[in-house]
Amino acid sequence: MPAYMVSLLKAWWGDAATAENDFCFDYLPRLLGTHGTYDTVMAQLEGTCKGYFLMGENPAVGSANNRLQRMGMANLDWLVVRDFSLIESATWWKDGPEIETAEMRTEDIETEVFFFPAAAHIEKDGTFTNTQRMLQWHFEAQRPEGDARSDLWFMYHLGRRIRERLADSTDERDRPVLDLTWDYPTAGPLAEPSAEAVLQEINGFGPDGAHLSSYSQLADDGSTSCGAWIYCGVYADGVNQAARRKPRTEQNWTGGEWGWAWPSNRRVLYNRASADPEGRPWSERKALVWWDGDAGRWVGHDTPDFDLDKAPDYRPPEGARGPGATAGDQPFIMQADGLGWLYAPAGTTDGPLPTHYEPQDSPVDNALYGQKRNPARTTYDHPGNRYHPSGSEPGANVFPYVLTTYRLTEHFTSGGMSRWAPHLSELQPESFCEVSPELAAERGLEHRGWATLVTARGVVEARVMVTDRMTPLNVAGRRIHQIGMPYHWGPNGLATGDSLNELLSIALDPNAHIQEDKALSIDIRPGRRPRGAGRPALVRAYQQRAGIGADTGTAP
Amino acid sequence: MSPDGDLVLSLVGGGEPALDSGYEDPPPRKGFFTDTSLCIGCKACEVACKEWNEVPADGGLDFLGLSMDNTGGLGADTWRHVAFIEQRKPLNGAEANLIHSDRDPNGDFRWLMSSDVCKHCTHAACLDVCPTGALFRTEFGTVVVQADVCNGCGYCVPACPYGVIDKREEDGRVFKCTLCYDRLGEGMDPACAKACPTNSIQYGELDELRERADARVAHLRATGVADARLYGRDPGDGVGGDGAFFLLLDEPEVYGLPPDPVVTTRDLPQMWRSAAVAGVALLGGIAAATFAGGR
């Protein structure tokens, strides 16, 4: 077993992990299939997923096909929601759209819903990790108010209580829980676990109990522990490197002493490529690392992302394997050939070359191929997830327009952090859709009036913005109008509105299983949407007009 | 010094308002240069201002339909306001590619964004008319309302030639941008300038900002942005120049700014003099009539 894996198992199960028991490898739960969020929703609907934790996520607004999300949650035994406010995913059982339309009755829903208020980032210690891979430590500025607790508090004390309940168990299946190293120190009136203790466990310890400084120290004999090899070194020398705050005026331009970046505090990956084949910076101004011939090692402003003593003129011997097979002028050390790749020739379900398919629901056929939709996409057969006829298929003209979706700077994703904040809510207070003057004239839409938007999944209403920024498209010899709509709103909070994701189907891309939510066909009409039972009735009427059934849009 | 003396001083001062207001050896005048050609409409200035100054939300949660603007304008509870203006105008070489071929064969479209703020006038009418001294000139040359002195008379509201200062109705007093007087005293940048991610809002010494603005507008014009202009930069204008001035890409009216603002108290001394002459004449007339009647 590789050193990284053994060290991870030692971090989790400590003394219980030995060479004799494969370092508790069999304690790890196994993957039984795809466990993505949409597969989990389907498992909820099938009744095989019984319990659900929502921590900082609001699928009743933020995930495609909100109604299916709520129907899945309504089929659970229990649901735990941890968030700042009573988000839609915490209250759908009493005031969600299906309660209003009488598709669900609160007294019939057997899901036990628990809401735990969450502490905000200023109310707890921890790190931010940004897309530059840089960790920045933040300190608790004030204690959480009321019952609010940090995620760390919740997970630690939940685990502690479960372990107490299981303490006398002799059942083999409880060993993975009972053998965990679950011994973080707590402090203060709330018994807040030490986030720095967790960061130290992630960093890892050597045989002498000292903090590791590099993942190159990890061993496969159980003498080292490390909770995540990429973070090894974040607590080098027993110092919280993520908490470093040296001003830029007191260090070089790469800022390597502000916070800490994984792995090994490298600020730029593959930075060997900033130097020419002989190891000299391509540009003095942008120099990152270079070969110091006298010292016989790579040095520079950044941490070199290269074997430190591998000279630029190193050439691998015949039959070399692993890092030794990478020449001294091949910077891309994670690739088998040490070279930069423009595309991944293997390892993807779909690819490697890009091509064009029409979206799942499209008003036109594919202009390039007879194949309309991506044949490798994932679709889900459920009465609440019906697809549209596309292009030349009968009924496609029932949804003649294109909807595209996006975000605003004023709100954050599904709104749990922004729709309850007065200073952000007032900036974008209501759900709206954007249409061109031409579409407004065609459908009788009035600026600042209301529009009703319909797909085979749902119907929502939104305020209308008529703007020249939206322009009709000329596609396949036809003029096709597009509608733009941001997605942040839901019925709860200060800034409210129908959720755009009620309209979306669940259809996933083959590689990353991302929902297709940037382009779909749709209909729009003036005025507000029906209330009560009229809301699902309108969706059914559209499905019937378009001749939609279980097979619509599902052919490969 | 009499109120009238204050008034005259404010109007005839030499453009160093802190000095003219009686500060001995004040620090250099501070101000804003808002370069709207750099604004991306993120509204971080609006939020940062409200957070730092504890300005409440305006209460209204209405969709205004003013492009992406749901604030509408400056007021007692909005000290920075980002306007969004959608125009069919040439974009100086950039391609917007928004073609409405049946209506507009040229197809050019541009989206102006601009963060408005109190102008901190050299000749500030709000300050001139304030009867309580709640409005005062700071050592930095800015104009600030002291909330604990304001009696809510509201004289300053119609006096402002820009319509900036405003009464908080449920409170009764007036509020406006302080140019973060509390931060300036600590050597910090105002909250809006600190939060601005594109340097559209620039804070600093006014003389230096004017030089920077002159260079910027010259650069823009040289690159073909013929409409680029400075607004409120000229010390010779009707308010003696703004402490917070702007680079605009169109006529001021497009942004909701008055084209030729004049300090509303400019004519007051002349009006008082005329009134005094009229009063004396009237008294003379009454006296004459009385004496005449007595005969």
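Visitor: In which sense do strand β12 (residues 401-406) of chain A and β20(A) pair, and over how many bridges?

Guide: They pair in the antiparallel sense, over 3 bridges. Before we go on, please note that this is a predicted model, in which local features need pLDDT of at least 70, side-chain atom pairs count only at pLDDT 80 or more, and totals for chains, interfaces and linings use all residues; pLDDT is the predictor's confidence in each residue, from 0 to 100. Residues are numbered from 1 along each chain as its sequence is written, while chains are lettered from A and ligands numbered from 1 in the order in which they are written.

Strands here are DSSP runs (E, at least two residues), numbered from the N terminus, and two of them pair if DSSP finds at least two bridges between them. In the pairing you asked about, A:Val402 stands opposite A:Ser521 of β20(A). Strand β14 (residues 450-454) of chain A is also an antiparallel partner of β20(A), with 4 bridges. There, A:Leu453 has A:Ile524 in β20(A) as its bridge partner.

What about the surroundings? Strand β20 covers residues 520-526 of chain A, and it is largely enclosed by the rest of the structure because 5 of its 7 residues are buried (20 or more other C-beta atoms within 10 Å of the residue's own, with C-beta atoms placed from the backbone).

For the complex, the predictor gives an ipTM of 0.88 and a pTM of 0.90.

Definitions and conventions
Buried ≥ 20, exposed ≤ 12 C-beta atoms within 10 Å, placed from the backbone.
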